[in-house]
Structure formats: structure tokens, C-alpha cells
Amino acid sequence: MLPSSRTQLGLFFILLCPANIIGLWWAVGSPLVMDPNSICRKTKRLAGKQAELCQLEPEIVQEVAKGTKLGVRECQYQFRFRRWNCTSHSKYFGKILQQDIRETAFVYAITAAGVSHAITQACSMGELLQCGCELTRSRAPPSPTAGPGTEGTAWEWGGCGDDVQFGYEKSQQFMDAKNKKGKNDIRALIDLHNNEAGRLAVRSYMRTECKCHGLSGSCTLRTCWRKMPHFREVGDRLLERFNGAFKVMGGNDGKTLIPVGDNIKPPDKQDLIYSADSPDFCSANRKTGSLGTRGRVCNSTAMDTSGCDLLCCGRGHRDETVVLEENCLCRFHWCCVVQCRKCSVRQELSLCI
Ligand SMILES: *[C@@H]1O[C@H](CO)[C@@H](O)[C@H](O)[C@H]1NC(C)=O
Ligand SMILES: *[C@@H]1O[C@H](CO)[C@@H](O)[C@H](O)[C@H]1NC(C)=O
């Protein structure tokens with residue numbers, strides 16, 4: 001766990017340079033006890049929009065941090081059985097972000113998605129003054145038969161729909177901030193594209209939930225509202241985009257991206273893009289941000305990325321028996337206690353050499 005001074009430093013980074021998400025991920029390593037007001041006061045070198053956002057909407061800063069945490073957790077879940085496992089170890093993580101590889105694309109997308117999701121969620125929970133449930137008055141009323149579910153049942157918008165557009169726009173303001181110096185135009189275009197792909201992985205997959213109303217269980221009227229996809233679903237989709245990511249290069253004008261290789265179809269807005277090939281992440285390398293896979297748990301029977309062959313890069317694995325303590329022989333006592341005993345369970349693990 002990071003001490004709070006480091007947390008502040010991490011947040012300081014975000015605010016200085018929001019497009020640089022190293023600081024965001026860093027800050028996430030600790031319980032976020034933060035006072036956005038004091039952070040805003042401390043950061044004097046803020047550029048235009050961020051200064052505004054920070055000073056006018058400090059509570060949004062807090063949601064940005066929550067959203068980043070959501071993104072980090074999801075990234076680590078999605079990559080748990082891969083050579084690069086989305087470690088947030090700052091030294092190595094920073095190196096990943098300095099490159100322009102697929103992994104970088106995923107990190108940008110999942111972070112922008114997490115921020116959209118968290119802000120929208122906060123709106124629906126009534127935690128922000130700036131926003132609330134989605135306004136449906138301006139939306140065309142659903143036609144009686146077009147609704148989901150029972151045919152012929154009238155339905156109307158109601159309940160509390162997620163105002164995903166608000167989260168989308170705030171995430172955009174915050175994450176798409178122009179980097180003043182450093183990155184070249186092409187790199188900036190790629191980052192912006194991947195941020196957008198992340199936000200669209202939330203906004204484009206809204207689902208409709210409904211509730212029945214009527215006497216004694218009849219369903220004479222249904223009210224419906226739109227909800228965001230669960231974040232796990234967002235992560236699953238972005239992993240698919242990661243697997244099918246497009247390699248691009250900059251055009252001569254320095255402002256356009258051209259697909260590389262034999263892809264006939266150019267990437268669409270929801271695709272992830274990158275410009276450099278990933279290292280193999282087999283051995284530790286500070287330069288590339290690879291921790292290597294020595295000691296990683298692998299699956300000796302799986303043929304996919306979690307299998308020992310791929311995960312251990314052909315170096316082989318050793319089997320180890322570990323003894324874990326587990327709850328067992330649990331009994332329910334009226335009322336309401338569950339008592340368990342501790343049992344030792346042996347588990348065979350395969351570890352990369
Ligand atoms: C990721 O892999 C490294 C070793 O390569 C390991 O130390 C670390 O615990 C792993 N992290 C997660 C979140 O699984
Ligand atoms: C290992 O891989 C096999 C085959 O894919 C799978 O059925 C099994 O659940 C995996 N085991 C673990 C511990 O993940």
C-alpha cells in the first residue's frame with residue numbers, strides 16, 4: 001500500500017497531465033482518501049480545461065480516480081493468465097505506457113471506459129449535483145408494440161436510466177486532454193482513438209430494463225430505462241478488440257493513420273490500434289516493462305495463453321503442491337450463525353521455470 005504522500009503525488013500527476021495516466025494508475029494503488037480541493041490548490045501548472053474541471057468540479061476528480069480503479073481491476077482480471085498480466089507495479093507499468101503497443105492501447109481504453117462508467121454510475125446514484133438519471137422526456141416515447149417483452153403491452157420510459165452521455169463527455173474532457181509536449185501527433189491520435197474505443201465500449205452497449213405495473217400481477221404497463229453494461233462485459237469486449245487490434249502508421253501529413261499490413265478493412269471507432277509490436281514478455285526487462293513469467297502459475301493442460309507451454313515461453317514448468325486452509329464442514333446454527341472448521345487442502349500448482 002502506498003503512503004498517502006505518494007497518493008497525492010499520483011494525483012498531482014493526473015492533474016498536471018491527465019492524458020498521462022501513469023499518475024492515475026499509481027494513485028489507485030492505495031485507498032483513495034483524497035481531498036480534491038486541496039489537490040486543486042496545489043496544482044498551479046494546470047492547463048486550461050483541466051484547471052477548470054478541477055476547480056469547478058472537484059467531485060468529478062474523485063470519480064475519475066474511482067473509474068481508474070475499476071479499469072485497473074478489470075485489466076488485471078482480463079490479463080490474469082497472460083504473460084503480461086497488467087501489473088500496476090509503477091516502474092514497469094510506466095514503461096508500458098511509454099510504448100505504443102497493444103497493451104498500451106488496452107490500458108488507455110479500459111481507463112477511459114472505467115472513468116465513463118464511474119461518473120455515469122455516480123450520476124444515477126445521486127452522488128453528483130451536476131447530473132442525475134437520464135432525462136427521457138425529450139426522447140421519443142416508445143411505441144406500444146416496439147417495446148421489449150410482452151407483445152401489445154404499453155410501455156413508457158421511466159425509472160432511473162443511466163445518463164451515459166454525461167459520463168462519456170466528462171471522460172472525454174478529462175482523458176482526452178491535449179498533451180503539451182512530448183508525444184508526437186501520431187502517438188496522440190492513437191491514444192485519442194483508443195480512449196474513444198473505451199468509452200464506446202460502454203456507451204454503445206446500453207441495455208433496456210423494464211418493470212411491470214398492473215393489478216394483481218398483470219402487466220398492463222411496463223416502464224423501461226436504459227442501463228450501462230456491467231463492467232465485466234466492457235472488459236470482455238475490449239479484450240476481444242485487443243486480440244484483433246489493428247497496427248497503424250502515420251501518414252505523410254502527420255495527421256492521419258494508415259492501417260499496416262494486409263488488413264483491407266480500416267479499423268472502426270471501436271477497434272483498438274497500436275503502432276509498435278509488443279515484446280514477448282518472456283523475461284524480465286526494465287526497458288520494455290516486462291516482469292517476465294518465471295514463477296507464474298500456469299495450467300499444464302490448457303492450450304491457450306494460460307497453458308504452461310505459452311505462458312512459460314517453452315522453458316518448462318515445475319509442479320508444486322501447496323497446502324491451503326479452507327473452511328469446511330460448515331454447520332448452520334439457528335439462528336444465525338455458521339460455524340466452520342478449518343481444513344487443509346492440497347493443491348497441485350504448475351509454476352513456470
Ligand atoms: C503478475 O505477474 C508477476 C510476475 O510476472 C507477479 O509477481 C504478480 O503477482 C502478477 N500480478 C497479478 C495481479 O497477477
Ligand atoms: C486448466 O485448463 C483446462 C483445459 O482448458 C480447464 O478445463 C481447467 O479448468 C483449467 N484449470 C484451472 C485451474 O484453471
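**Helix H8.** I began with helix H8 in this predicted model and listed its buried residues, which are Val164, Phe166, Gly167, Tyr168, Lys170, Ser171, Phe174 and Met175. I then checked the length of H8: its twelve residues at 1.5 Å each should span 16 Å, and because the C-alpha atoms at its ends are 16 Å apart, the two values agree.

**Chain as a whole.** I noted eleven helices and eleven strands in the protein chain, and of its 353 residues 35% count as buried. Turning to contacts with a separation of 6 or more, I found that 69% of them are accounted for by residues 24 or more positions apart.

**Nonpolar cores.** I looked up the largest nonpolar core, which has 49 residues, and found that Phe106, Ala109 and Leu272 are the ones that touch the most other members. At least two residues of this core come from each of H5 (58–78), H6 (90–98), H7 (102–124), H8 (164–175), H9 (185–203), H10 (231–243), S4 (246–250) and S6 (273–274), and H7 gives the largest share, with 13 residues. I recall here that in soluble globular proteins nonpolar side chains tend to be buried together. For phenylalanine 106 I set aside the neighbours within four places in sequence and was left with contacts to Cys75, Leu238, Phe242 and Leu272. Apart from this core I found another one, of five residues, including Cys308, Leu311, Cys312 and Cys352.

**Surroundings of ligand 1.** I listed the residues around ligand 1 as Gln76, Arg80, Asn85, Thr87, Leu291, Gly292, Thr293 and Arg296. Sorting this shell by type, I get one nonpolar, five polar and two charged residues.

**Three-stranded sheet.** I traced an open sheet of three strands in the order S9-S11-S10, paired in the antiparallel sense. Strand S9 (297–298) and S10 are at the edges, and each has a single partner strand, so one side of each lacks a neighbour in the sheet. Between S10 and S11 (337–352) I found 15 bridges, again antiparallel, and one position I looked up was cysteine 328, whose bridge partner in S11 is arginine 341. The link from S10 to S11 is a hairpin through three residues.

Is cysteine 86 buried or exposed? I found 22 C-beta neighbours inside 10 Å, and therefore cysteine 86 counts as buried, the cut-off being 20 or more.

Phenylalanine 281 is another residue other than glycine with a positive phi, here near 60°, and I found phenylalanine 281 in the loop between S6 and strand S7 (284–285).

Note on methods:
Residues are numbered from 1 along each chain as its sequence is written. Chains are lettered from A and ligands numbered from 1 in the order in which they are written. This is a predicted model: local features need pLDDT of at least 70, side-chain atom pairs count only at pLDDT 80 or more; totals for chains, interfaces and linings use all residues. Two strands pair if DSSP finds at least two bridges between them. Helices (H or I, at least four residues) and strands (E, at least two) are DSSP runs, numbered from the N terminus. A residue is near a molecule or strand if its C-beta atom, placed from the backbone, lies within 6 Å of it. Ala, Val, Leu, Ile, Met, Phe, Trp, Tyr, Cys and Pro count as nonpolar, Asp, Glu, Lys and Arg as charged, and the others, Gly among them, as polar. A nonpolar core is a set of buried Ala, Val, Leu, Ile, Met, Phe, Trp, Tyr and Cys residues joined through C-beta atoms within 7 Å. A residue is buried if 20 or more other C-beta atoms lie within 10 Å of its own, exposed if 12 or fewer, and partly exposed in between; C-beta atoms are placed from the backbone. Two residues are in contact if their C-beta atoms, placed from the backbone, lie within 7 Å. The expected span of a helix is 1.5 Å times one less than its number of residues.
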